[in-house]
Amino acid sequence: MTHVICSKKDLHEGCKKNVLFKPGAEKLAEIYGIAPEFEPVTVIERWDEPPLFFYRTKCRLFTKSAHVLVAECVGSCNSRETKYGGRWAFERDIPPHLDPERLKRREFVARNGPQSGQRVAQWRIPNEEIFDQVNTIDKMAQKRAFVGAVILATRSGGVFTQDADDIPPEAYGRARDAQQWDQ
């Protein structure tokens with residue numbers, strides 16, 4: 001019925017709840033006969049340097065039959081979140097205008113390729129294509145608000161979480177950062 005990444009029957013330690021993603025939330029909304037309405041609460045769109053895109057959106061869920069409000073939730077997303085704000089690059093890929101000394105650095109043992117078995121470094125560089133992700137960031141705020149509202153409306157907080165951060169990295173088939181990057 002719902003789209004989950006980890007369930008109680010899985011063998012991943014620390015996984016206490018199912019994760020409710022948007023497809024599962026849409027199914028629950030349909031089953032409960034509720035429909036969303038979205039309202040922007042805060043919008044920051046700074047296109048100059050340094051760019052910043054921040055969206056806070058309110059999702060209200062109403063019954064389809066009588067248009068009665070059953071739940072509301074606020075979700076947000078911004079361009080400085082790790083997944084949008086930058087990427088890891090090797091030294092050869094650092095743009096000339098950036099000083100590597102001022103960038104966040106990580107080292108790890110290469111697992112494949114010509115440097116397999118050797119310690120290599122990467123630097124965190126700003127996402128220069130952030131403008132391509134503005135719509136995605138806006139939609140992510142809406143999605144977070146919607147999933148949160150569905151959990152509230154269906155009183156399923158004891159069953160679901162919407163925070164994939166609650167799930168240990170092993171549930172995704174990845175090692176923890178300390179193990180993965182050999183720090």
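C59 is buried, with a relative accessibility of 0%; here buried means under 20% relative accessible area, exposed means over 50%, and partly exposed lies in between, with a 1.4 Å probe and protein chains only. This is a predicted model, in which local features need pLDDT of at least 70, side-chain atom pairs count only at pLDDT 80 or more, and totals for chains, interfaces and linings use all residues. Residues are numbered from 1 along each chain as its sequence is written, and side-chain values use heavy atoms, with hydrogens and water left out.

C73 is also buried, at a relative accessible area of 18%. A disulfide is a covalent bond between the sulfur atoms of two cysteines. The criterion applied here is a pair of cysteine sulfur atoms within 2.5 Å. The cysteine sulfur closest to that of C59 belongs to C73, but it lies 7.8 Å away, so the two are too far apart for a bond. Across the whole structure, the search finds zero disulfides.

The description now turns to a sheet. Strands are DSSP runs (E, at least two residues), numbered from the N terminus, and two of them pair if DSSP finds at least two bridges between them. Three strands form an open sheet in the order β5-β7-β6, and their pairing is antiparallel. Its edge strands, β5 (86-89) and β6 (105-109), each pair on one side only. From one strand to the next the twist averages 30°, where axes are lines fitted to C-alpha atoms and angles run from 0 to 180 degrees between N-to-C directions.

Four bridges join β5 to β7 (residues 119-126) in the antiparallel sense. Within β7, I125 is the bridge partner of R87.
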